[in-house]
Amino acid sequence: MKKQQTFNNTAICKTRITAIKDTMDILSGKWKFHILGTLMQGGKMRFMDLLREVDGIAAKMLSKELQDMEMNKLVSRTILNTKPITVEYEVTEYGRTLERIIDEIAIWGIEYRKALYDKK
């Protein structure tokens, strides 16, 4: 008879698993890291500027992703009183807390590619 593992049933593990799931739900998808990274590097950006910078994204998808990130308080949206109306997006202070994580993911990705392709 196989012994049952119980480490995922502890309160600490359940809390961590829930937190990781929440984070993955908020940041899931192909584009969110790219959009956040672009806004972190570029500062305030207009919608069309973002559309040009995030290579390959459709306007409808960019709009959806920005709405999701605004709802999750990662990005703020400012409507300027211009003709025609101008909308600017920027990473919130709370969204900036992801900068260290995004940097670490990039470092890991660079090292991973080196490990795969730089075999000596």
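Where is the place of Lys-73? Lys-73 sits in the loop between α4 (59-71) and β2.

This is a predicted model, in which local features need pLDDT of at least 70, side-chain atom pairs count only at pLDDT 80 or more, and totals for chains, interfaces and linings use all residues. Residues are numbered from 1 along each chain as its sequence is written, and side-chain values use heavy atoms, with hydrogens and water left out.

1. Terms for elements. Helices (H or I, at least four residues) and strands (E, at least two) are DSSP runs, numbered from the N terminus.

2. The sheet. Three strands form an open sheet in the order β1-β3-β2. The pairing is antiparallel. Two strands pair if DSSP finds at least two bridges between them. The edges are β1 (45-46) and β2, each of which pairs on one side only. Strands of a sheet pair through backbone hydrogen bonds, either parallel or antiparallel.

3. β1 with β3. These strands run antiparallel and are joined by two bridges. Check Met-45 here: it stands opposite Tyr-89 in β3.

4. β2 with β3. The strands are β2 (75-80) and β3 (86-91). They pair in the antiparallel sense over six bridges. Val-75 has Val-91, in β3, as its bridge partner. A hairpin of five residues joins β2 to β3.

5. The cis peptide. Pro-84 lies in the loop between β2 and β3. The peptide bond from Lys-83 to Pro-84 is cis. Its omega is near -10°.

6. A helix across the sheet. Helix α2 (residues 32-42) lies across β1, β2 and β3. It runs at about 95° to β3. Axes are lines fitted to C-alpha atoms, for helices over the stretch in contact (heavy atoms within 4.5 Å). Angles run from 0 to 180 degrees between N-to-C directions.

7. Lys-73. What is the phi of Lys-73? It is near 65°, a positive value in a residue other than glycine. Lys-73 is exposed, with a relative accessible area of 58%. The classes are buried (under 20% relative accessible area), exposed (over 50%) and partly exposed (in between), with a 1.4 Å probe and protein chains only.

8. Thr-92. This residue lies in the loop between β3 and α5 (93-96). Is Thr-92 buried or exposed? Thr-92 is buried, at 17% relative accessible area. Leaving aside neighbours within four places in sequence, Thr-92 is in contact with Lys-73, Leu-74, Val-75 and Ser-76. Two of these names return from above: Lys-73 has the positive phi, and Val-75 is bridged to Val-91.

9. Met-71 is found in helix α4. At 61% relative accessibility, Met-71 counts as exposed. Met-71 and Pro-84 are 13 residues apart in sequence. In space they are 25 Å apart, C-alpha to C-alpha.

10. Salt bridges overall. How many salt bridges does a search of the whole structure find? The search finds eight. A salt bridge is a side-chain nitrogen of Lys or Arg within 4 Å of a carboxyl oxygen of Asp or Glu.

11. Helix α1. Lys-21 forms a salt bridge with Asp-25. The closest N and O atoms are 3.2 Å apart. Both residues lie in helix α1 (residues 11-27), four residues apart, about one turn of the helix. Asp-25 is partly exposed, at 47% relative accessibility.

12. Helix α3. Asp-49 and Arg-52 form a salt bridge, with the closest N and O atoms 2.5 Å apart. They lie in helix α3 (residues 47-53), three residues apart, about one turn of the helix. Asp-49 counts as partly exposed, at 29% relative accessibility. Arg-52 counts as exposed, at 58%.

13. Helix α4. The side chains of Lys-64 and Asp-68 meet in a salt bridge (3.0 Å, N to O). Both residues lie in helix α4, four residues apart, about one turn of the helix. Lys-64 is partly exposed, with a relative accessible area of 41%. Asp-68 is also partly exposed, at 21% relative accessibility. Salt bridges that share partners join Lys-32, Lys-64, Glu-65 and Asp-68 into one network.
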